[in-house]
Amino acid sequence: QFLYFIEGEMVNSNYISAGRLVRVLRGPRTNRVGVITDIIDDSRVLVQNPADEKMWTHVQNMRNIEPLKFRVTLRRGANSKEVAAALNEKKSLERYSATKKAQRIAAETAYANSTDFERYQLRVAKRSSAYWTRKIFDKADEATPVTW
């Protein structure tokens, strides 16, 4: 892995350590967020999230997680109560939910779980919005035409 420096600072400093928030990339827990509670070896970590019933304490491969920029203060091997207290203290999950990537993932999940009729309603709303936007811009263009 190459390290790139910009103005003396390293670009990605999301090191793997106890307390680092991670996003699961593949498998049954895809796009779920957890906290590293312990490092088993160079390729596996122990991850959990007491706020999510699907993210009980389990082993994750390092190739299957993406470290996030958020971190909580934890000791190695912390139990669920300590993890929950640390997450509530820093409000890390709420801060992650406010990021663009988390919002994009939530939108993709909502779209994937929507019904045919809800997807139809979304298509109709997009068409209507595009139609009225085009009408407004055409009217403004007639008043002051844009010349190239």
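Asn31 sits in the loop between strand S3 (20–24) and S4; helices here are DSSP runs of H or I of at least four residues, strands are E runs of at least two, and both are numbered from the N terminus. The model is predicted, so to speak of local features we need pLDDT of at least 70, side-chain atom pairs count only at pLDDT 80 or more, and totals for chains, interfaces and linings use all residues. Residues are numbered from 1 along each chain as its sequence is written, and side-chain values use heavy atoms, with hydrogens and water left out.

Phi of Asn31 is near 65°, a positive value in a residue other than glycine. Asn31 is partly exposed, because its relative accessible area is 26%; buried means under 20%, exposed over 50%, and partly exposed in between, with a 1.4 Å probe and protein chains only. Lys91 also has a positive phi, about 55°, and is not a glycine. Lys91 lies in the loop between helix H1 (80–90) and H2.

Now the chain as a whole. It has four helices and seven strands, in the order β-β-β-β-β-β-β-α-α-α-α from the N terminus. Of its 148 residues, 26% are buried.

Which residues does Thr37 contact, leaving aside its neighbours within four places in sequence? They are Ala18, Leu46, Val47, Gln48, Arg75, Arg76, Gly77, Ala78 and Val83, where contact means heavy atoms within 4.5 Å. Thr37 is in strand S4 (residues 33–41), and it counts as buried because its relative accessibility is 1%.

Next, the largest pocket. Its volume is about 280 Å³. The lining consists of Thr30, Asn31, Val33, Leu93, Tyr96, Ser97, Ala102, Ile105, Ala106 and Thr109. Helix H2 (92–97) and helix H3 (100–112) are the elements that give two or more residues to this lining, and H3 has the largest share, four residues. For the terms: on a 1 Å grid over the protein atoms alone, a pocket is an open set of points where a 1.4 Å probe fits, with protein on both sides within 12 Å along at least five of seven lines, and lining residues have an atom within 4 Å of a point. Points are joined across faces, edges and corners, and the volume is the space filled by probe spheres set on them.

Last, helix H4 (residues 116–143), which holds Tyr120. Tyr120 counts as partly exposed because its relative accessibility is 43%.
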